[in-house]
Structures are given as C-alpha cells and as structure tokens.
Amino acid sequence: MKTRNRITIHGIVQGVGFRPYIHKLVQNNQLAGWICNSNQGVEMEVEGEDSAIHHFIKDLKNNLPPLALIEDIKFERLPWLGYCGFKIKKSQSNHRHPIILIPPDISVCDDCLKELNNPFDPRYRYPFINCTNCGPRFTIIKDIPYDRDKTTMEEFLMCSDCYAEYTDIENRRYHAQPNACPVCGPEVSLYAGMQKIITKNPIGEAQRRLIKGQVGVIKGLGGFHLTCDAGNHLAVSRIREIKQRDEKPFAVMVENSSIIRTFSRLSPFARKYLESIERPIVLLKKKNNNHLSSEIAPGNAYIGVMLPYTPLHFLLLQNNDLILVMTSANFSDEPIIYQNEEAFQKLAHQVDFLLVHNRAIYNRCDDSVIKISFNRPIFIRRSRGYTPYPIVLSEKSRQILAMGPEQKNTVCFTRDRYAFSSQHLGDLNNRDSYEAYQKAIHRIIRIFQFNPEVIACDLHPDYLSTIYAEELSKEKDLPLLKIQHHYAHIASCMVENQLNEKVIGVAFDGTGLGEDGKIWGGEFLVVDLKDFHRVGHLKYQAMPGGDQVIHQPWRMTYSYLYSIFGQEAANLNVKLIERRAPEELQLLNQMVDKKINSPLTSSCGRLFDAVAALIGLRDEVNFEGQAAMELEAICQASYKGHYSYQIEEAIPGWIVNIEEMFHQIIYDMKKHKNIRKIATQFHNTIADFTLFMCVKIREKYNINIVTLSGGVFQNSFLLDQTIRKLEEKDFIVFIHQKMPPNDACISLGQAVIANARIQCANLVEKREDVGKQEYLKRGN
Ligand SMILES: [Zn+2]
Ligand SMILES: [Zn+2]
C-alpha cells in the first residue's frame, strides 16, 4: 500500500549534513516528498510503498551523520497526495529567535583520513581536510546563521572545485562551511623564533625536530599546545619551566592505541572513549616501568592520553612511535593561548619552533578530560568535542544566565528545554582569565542569541564571577539570585539524571561559602530544585592562614592535631611536626585560639590534604587537590576495614567527628604500618560515615535517592567504595553523567535552581506580591 508520512524531528539536525543524508535515504528507498528546516529541527513528508517507508525510518535512526543528534521524532500517517521527486523547501520560521544548536568540533572522519593518505587525491596530505561529518565548528563560528561568512573561514574564497562540492547535495561536502583544499584554503607554516623556515614540508620538519628533542608550539582546534618527545626528560623539563611553578600533569598524544600499551593499561571501555569522535584526553593508569619522563605526571597514578584529532596531528604523528607531550600553551593559571600574535609574543623566544596556520580560532576551547573509573566515565573537564552541545532538560526553562564559581569555571545558559554549559573557562584568579571570562560570556550571548531574564551566581561576595554578576545585573536591570555552592552541586547532578523529587545530596569538595558564613565542603543536604536543608556536615575545623592552607596542607594537619591534643600537639612524635620550628607552631596555636585569619571549615578536601600530609606524602602542594590525588594513588582495594568516627547529634541533623581516626592513624604510624593500608582505610572511613549518615537521613526524611557531587568524587577509589556501600543498603545512587563532579557543574546547578525559584515565585505572585519578593530574597 502507498502512504504519506509526516515526520517531525527535534534535535541537532542543522549544519550537520542531515538534509543530504535524508536525500540519499529517500533515493535509496525510492520515495518522494519534501524536507525543510524548522525552529527546533526539521520537518519532512515522504510518500511511497509502506515497506519502503518502513525501511527509510529504520535507516534514518540507525546511520545518523556523526554530528547529528535526534532528541525526539514524531510520525503522522496522512492520505496519499502523489508527490513528484524530493524537494528541499526553504526554511520556515515562525519564531523570531529560533534556537540554533551549534555543533562541537570533532575529529577528522575516516573518509577524510582516506583522502588525506591517498597520493592521487587533491587533498593528499592537506592538513585542513574536512567534510560535513567532521572538522572545526564551534571554535570557528563568529555569529549565526552558521554560514561560511560568519566563520573564520570567510577570508578564504572557495575555488571552483570546492564550490562545486559545496553546492552538490550528493557530495560529502555539501554545505560543509569549513570546506577547503590546497588551492584555496588555509596553510601551515613553521617558524623558529620570528623567522619563517622555508620548507616544502613544515609538518615533516616539525616532526624531525621533535624526534631530535626540540620543544615546539602547535596550533590545534581550540588553542595552542606545547609539545615535545615525552620520553625526553630534558625537553619535558623545559616545558615545565615555560609553564611556570606548576606540577599539574601533562597529557600526551600518540598515533594509535597499540603505542599506549607501552606505557599504560588500556581497557576496551577506555579505548571506546579514546577513539570516540570527541577525542577527549582519557586518564589511564600508568604502568610502573614506563619509558616516559617522570616530569609528565609526577606522583600521579594516571596519565592523560589522547589520539590525534586534527589532520595536522595525524600527519605529525604518522609512521612513527612518537609519544608527544601535548599540553595547553599557557602560564600557570592563565587561559590557553589561541591567537597567532599572542603565541609569537609570549612563546617564540622560549621554544625551538612554532607550527602555526592562518585559519583563525574564534572561540577558545581546551581539550576535554575523562577519567574511567570502574567502567564508569567521569568528566574531569567538559570542553572541546562536547561543548556547546546542550544538556536536555525535562521541562521548559526561562532564560537564565548562570555565572559559575571561582575555579574550573563554566557559565551556563538555559532556554526552552536546553541548558548550554560553556567550554572550560578556568580559574578566575587573574586578570587574563577574568577578561577571557567576560569575553566568552558576551560571545556566547551573541552567538546563541540569548536574552537572559535572570542572572544567577554564587553566594561568595569576593568571587570575580559574583562581582561580574552584580555588574551585569545592574547594567541590564535583571534580578540576581545568589545560590549556595553545594546546593548547586547537587542540583546539577539531579538535572543530569532528570530527578525532580527530593534527594539526599552528598557534596564533598574543597571550598564553598555556606549560608552561615563558614566554609563548607563536607555536606549532607536534603535537596529539591526549589530549596535545600543542610542536615549534616563534617565537624568544623580552623584553617590557620585561610586560603594559605590550600597550598600548605601541613597547616591543616596541625590544626586537627591542635584541636585534639591541645598544646601537646607540638610535642607529638610525628615527622610533620618535627620538621616545623616550635615558634611556627606557637604562632598557629595563637591564630586558632584568637581566631585570627583562621576561618572554620567543614571541607572534605581539606581533610584529605590533612591526612596526606600527616602520613608524609607532602607538606606543601603546587595545585589544589595534588595531595589528595597522591593519597588516592597509593590505595589498594585488598586492604579492608576503616577507622573510627563519631556521629554527634546537632540542630538540625548530625555532625561527623573524625577525631578518633587521627588517634588511630598516629598509632598506626608509630607501629610503622604500611602507608598504603592507612590511605586505604582512610578512604574506607569516608565511605563508611557517608553510608551511616545517609541511613540516618533516610530514617528521618524517608528519602532513598542519594546524589554524589563535588571535586572529591573525582577520586575513583572513594567513589567506587561509596557507591558500593550505599547500594548494598538499597540506596539508589546517582552520579554526574554529563558534567564533571568538580566546580565545572556549578553553573548548571545555579541555572536550574534559579529557574525553579522563579517558577515558584510566579505561582506565589498570583496569590500575593509580597510572597514573591520574600521568595526571591531567600538565598540572597
Ligand atoms: Zn570528513
Ligand atoms: Zn578549493
């Protein structure tokens, strides 16, 4: 029987080769009809034999172009009309500002790779080869609609061959905006200092130089990388020096998975992520005897590995076993360098060569990072390859601009059923990153045509993101909602898992301002999107020296010991104490006693620091979380058991007191117990009191769902132990799916809480205006 079918598709189907894809399917199945772009996707009608339509629909779902994403698909059977041929109709828009979903940048596809390696192809060894299914997107888009003249490709006029491909619906490059070839497209050049090196093969020459041990700078998709041979200790140390006082691990790039096995373990699950079109950095367990420089990831059990994702990377790594350091080109906490001028100005005098090109990057975008923990992916950074894909919300949202926290910042915008979390914007603690942050916000507002109705930010008055939120809210005359840090953590985890009911939220991280003015970070909350209650936390502990403690964990250890042993702490037979001068410890005693620059904290991150320092891993760290990472690295699941702790009744809820644990650890150290065992039992203790607290909360509040969030849960050993224990007691446990558990998820949480509160305020408004004011004030 012959029928007509109307098909409505919502999702990312524009600018991703969807219409040519449909065109081909229609031809294969001998159907007639039409297709056109609509506000949220595409609409089409197809006519033909029932069986052919059935085939068409099956194919449609199964072989989507790699960048396309179908969120929702509707079918409607209609009477036969007798269409002739298949037409692409002009886009209809009944919306003044339709949402345009912009695809992320993805790695070069197999078809393009084949052409790249084919000596008879016009694009043989051309480092900018791309098609509708691959290549740069977000990083080159300046404005919408997504057409070539709104990208950084506008300055390259397509040659007649490229244009013919671009306009041929049967071609893989139909409407591929970055389409280019050696005749008309961008080109690569090699420099030493400011001097251009004359060579026919700049990439091959760069490869030779890397093998010789040189240090270089390479332009990637979203910014520049510093690079060298990862086995060359001298060269790796030079990159450490260039990046300045920083022990953060470097990622490496290799040609294929078999090279990875020479220095780390690789599970099929991890391999799936490594080889995905998003090409994130995947953190893999290092093998003990590897031939890489120890400077790459000092003290770390993991190494960040990625496979090539641009054609340039493929050519650079081709036919050799090179393992290249590929770390973002920046100084300590500054944003990644993304413009040629800046790369020359800041780096030309420090490196041996620069491999650059003339296709400009418009939106800076760092590499994404994923950790595989017991066959679960945990995002550590969600950026290139993933942003700006939205997170789909269960309900329509107002337009909220959420400004994020101070560290690992992202911003988030909501509109309709989408939350757009920005690329990684980094730590907002210096002028450069603050400027980059403001610029990124304005670019995103423009590109996505957002029109915020409300601004949301953190409670902390000194965060630059809060200061900027206040500025923007005045400038645009918009209401500002301030949202508690750990509440936002849990809300983000809820939204990613589409949870609307009340949940138990366990938020463990380093720092976040609490509603009582103290520094929170070891929190047990009862949360729904409209409100939260703090029902438990780690016992408050002084941080002598304030933020100084973050870089000097020994201060935190001493603070714990002083609160447990009083003046006697200074005489304890503990190495960490023996290393300090008595006057130094006296000064700390006074600071704590007189409450001078010693804010109180319930931070779980600080507890990890304190224990790492106590057992002798390190007194000081170079970046936040370093000591905790090293503590995780020495854990061994074969050690069972945990230390003691006490749960004290408080109003409202409970306080976890871990004093007893410190006594026991000191005792174990006196007995020269293996520090691996101590570290493992410490992790088990955290998992155990988490379970104990959740059981108490369940008894009182009758909630069985637990959500885990906060940077501490990047620790796979702890995460796994905690989930296992909770599930054994029949809790339903949710962790982050799409965002990192660290502070990168805060902006998403802020946005959805702000939206829930406004919706509520609007309901209240219908009853009385005063209620609305009161409601919006809460949390301010
Ligand atoms: Zn391609
Ligand atoms: Zn061309």
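1. First, some ground rules. Because the model is predicted, local features need pLDDT of at least 70 and side-chain atom pairs count only at pLDDT 80 or more, while totals for chains, interfaces and linings use all residues. Residues are numbered from 1 along each chain as its sequence is written, chains are lettered from A and ligands numbered from 1 in the order in which they are written, and side-chain values use heavy atoms, with hydrogens and water left out.

2. Start with the zinc ion (ligand 1). Its protein donors are C109 (SG), C112 (SG), C131 (SG) and C134 (SG), at 2.3 to 2.4 Å. Donors here are N, O and S atoms within 2.8 Å of the metal (3.2 Å for Na, K and Ca); water is not among the atoms, so sites may look incomplete. The 4 donor atoms make angles of 105 to 116 degrees, giving a tetrahedral site (four donors, all angles between 85 and 135 degrees). Along the chain the spacing reads C-x2-C-x18-C-x2-C. C112 sits in helix α3 (residues 110-116) and C131 in the loop between α3 and α4 (160-167), a pair 19 residues apart that links distant parts of the chain. Helices are DSSP runs of H or I with at least four residues, strands are runs of E with at least two, and both are numbered from the N terminus.

3. Now the zinc ion (ligand 2). C159 (SG), C162 (SG), C181 (SG) and C184 (SG) are its protein donors, lying 2.3 Å from it. This site is tetrahedral, with angles of 105 to 115 degrees among the 4 donor atoms, and its donors follow the spacing C-x2-C-x18-C-x2-C. C162 is in helix α4 and C184 in the loop between α4 and β6 (188-192), so the pair ties together parts 22 residues apart in sequence.

4. Do look at helices α15 (residues 553-565) and α17 (residues 582-593), which pack at about 65 degrees with axes 11 Å apart (axes are lines fitted to C-alpha atoms over the stretch in contact, and angles run from 0 to 180 degrees between N-to-C directions). The contact (heavy atoms within 4.5 Å) involves W554, R555, Y558 and Y562 of α15 with E584, L585, L588, N589, V592 and D593 of α17.

5. Two backbone spots deserve a glance. T387 and P388 are joined by a cis peptide bond, omega about 5 degrees, and P388 lies in the loop between β16 (376-381) and β17 (391-402). N319, not a glycine, has a positive phi of about 55 degrees; its place is the loop between α9 (311-317) and β13 (323-328).

Methods
Tetrahedral: all angles 85-135°; square planar, octahedral: opposite > 155°, others 65-115°.
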